[in-house]
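Let's take a walk through a protein model together. Keep the picture open while you read, and look up each spot as we get there.

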Amino acid sequence: LGFKGNCGAVYYEMLCKYTDAQGQLQCATAQRPSDNHFEPWDVDIRRNTTSPLAVIVGGSGPFNCGQIFATDDWGCTWAEEAHEWASPNPPAHCNGDTSITNPNPQLEEGFVTLYGVGMFDGDGTAVVCGYGGLQAQRPAGPAGVYWQDRSYYGHPESGASTVFFPLYGAEADAGSSGNGKGWIAGTGNLIRRTIDGGATYWNGGPGFTHEGGLDDEFRIHDVYFWDNLNGWYCGQFHRLAKSPDEGKTFLKAASIPFHITWPYLHSVVVAGDTLHGVCVGKAENSTSFPELRYTADNDLWLTAAAVPWKGSSIAFQNSTLYEVDWARDALSREFWTVGQVGMILRSSDGGQNWTHLEPQGVSRPTLRAHEFQSISCYGPTNAFLVGKRPDALGNDEGVIYLLTWSGTQLSWSLKFAGAGFSVILDVEAFDASTVYAVGTKIESTDQIGVVLKWNRTTFAEPNGAPTLTASPTIEPNEGNEEPLR
């Protein structure tokens, strides 16, 4: 017997039809829980004909209220099983119960919504997982036991082994608490494996083998390979990792600190000398500044020495640098990066020192009203720059500029400002004549993804280009998140 759903009526119907191994109905009517808003997500039954134990998990109300019900009498009665911090208080299934004193800030004070459960047939222990990375282990015993929290939440004290996003599936074998093998899996390419009944876990994800065999859970945001073997990726929690073998394995950059809030490293690039590189990203919080790091040996990453905001200006606080590119001039160490509040930054020494540039004839308020999403250089003096600005009515308007650097001055010319285009998200210039950009525009009430091509005068949708229904996406477990790009 197994099911998933979000309808309490399904839950009640299944309880009333609980049967034994021979298919015989055990109860004409089954006890129903007192909470009529319970939404079941998963069920598992101990595969043991002499010990009829079953567990149903789910939640009620918002994401921070999880519930577990167990039966050991063929479904005739059901007992709610609570989080360990509820003991010896009455069962408290909701996270944040004020009647409970939590001695460990790394763990929850109760259950959040639970999505998956797996029971070990040997002794009726089990593992459960749910929203926000919650994990718990059921001890052996009759219906009504308290579950032990095994979470690795994203608090600073939990370090890099954190599990932060929803876990949706759980499975267990025929073992017991000391030797049972089980798996839980969820968002972020995360698979966790236990060989001791859920007491401890090994993290492993398909396709990624990090140092120590750990596959820490985070979102990858950008990847850059400078040949067919070697490259970097960067992403959430300021993660950087390097591959020497076509992306089959990645080794984490040890110098990058672990940040547990919502910061991203958004972009990474390596120059033609395959030694110098730059990665950029999002400010950690409302009082910090965008992330700017460089490497001079394609291995060790350091914080940029001189940046426009060092020592003063609040103008760049809580802002994001979205993309960085190399000037693509033989062995040049020149890099450009762009982002929110009109940021256009240039480094001529491999990323150690940066200058904020303002195009000639553009006022500072006008520049700061722009949000630049992408930059692509096609030589030492030219680049295409894309993003959005407010139009005359205050609505977002996608724009594309051609930048020209004279050695001491920056100038730009507007090449595209499309009516109804809400943002231009990315641009790639292969040379001065072959340039493509992608973005979104509004048609009727739909947001449509579009491809634009440079014709040496402006950008237009090429014949035969795909038109896709698209919308910026917010992950259900994210806070204020960036659009899916």
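Let's start in a loop: Asn318 sits between strand 20 (302-303) and strand 21 (321-326). Strands here are DSSP runs of E with at least two residues, just as helices are runs of H or I with at least four, and both are numbered from the N terminus. Asn318 isn't a glycine, yet its phi is positive, at about 55°. Its relative accessible area is 44%, so Asn318 is partly exposed; that label lies between buried (under 20% relative accessible area) and exposed (over 50%), using a 1.4 Å probe and protein chains only.

Before we go on, some ground rules. This is a predicted model, where local features need pLDDT of at least 70 and side-chain atom pairs count only at pLDDT 80 or more, while totals for chains, interfaces and linings use all residues. Residues are numbered from 1 along each chain as its sequence is written, and side-chain values use heavy atoms, leaving out hydrogens and water.

Glu246 is another residue other than glycine with a positive phi, near 65°. You'll find Glu246 in the loop between strand 15 (239-243) and strand 16 (251-252). With a relative accessible area of 48%, Glu246 is partly exposed.

Now for Asn298, in the loop between strand 19 (291-295) and strand 20. Is Asn298 buried or exposed? It counts as buried, at 3% relative accessibility. Its side chain reaches the backbone oxygen of Thr274 at 2.9 Å. Skipping neighbours within four places in sequence, Asn298 has contacts (heavy atoms within 4.5 Å) with residues including Trp226, Trp232 and Lys242.

Next, look for an open sheet of four strands, in the order 25-26-27-28, with antiparallel pairing; two strands pair if DSSP finds at least two bridges between them. Strand 25 (371-377) and strand 28 (410-417) stand at the edges with a single partner strand each, so one side of each has no neighbour in the sheet. From one strand to the next, the twist averages 25°. Strand 27 (residues 396-405) is joined to strand 28 by seven bridges. Leu403, for one, has Trp412 in strand 28 as its bridge partner.

How far can you trust all this? The chain's mean pLDDT (the predictor's confidence in each residue, from 0 to 100) is 78, and 72% of its residues reach 70 or more. Over residues 1-18, though, pLDDT stays under 50, and residues 154-160 also stay under 50.

Note on methods. Axes are lines fitted to C-alpha atoms, for helices over the stretch in contact, and angles run from 0 to 180 degrees between N-to-C directions. A polar contact is a pair of N or O atoms within 3.5 Å; within protein, one must be able to donate a hydrogen and the other to accept it, and residues adjacent in sequence count only if both atoms are side-chain atoms.
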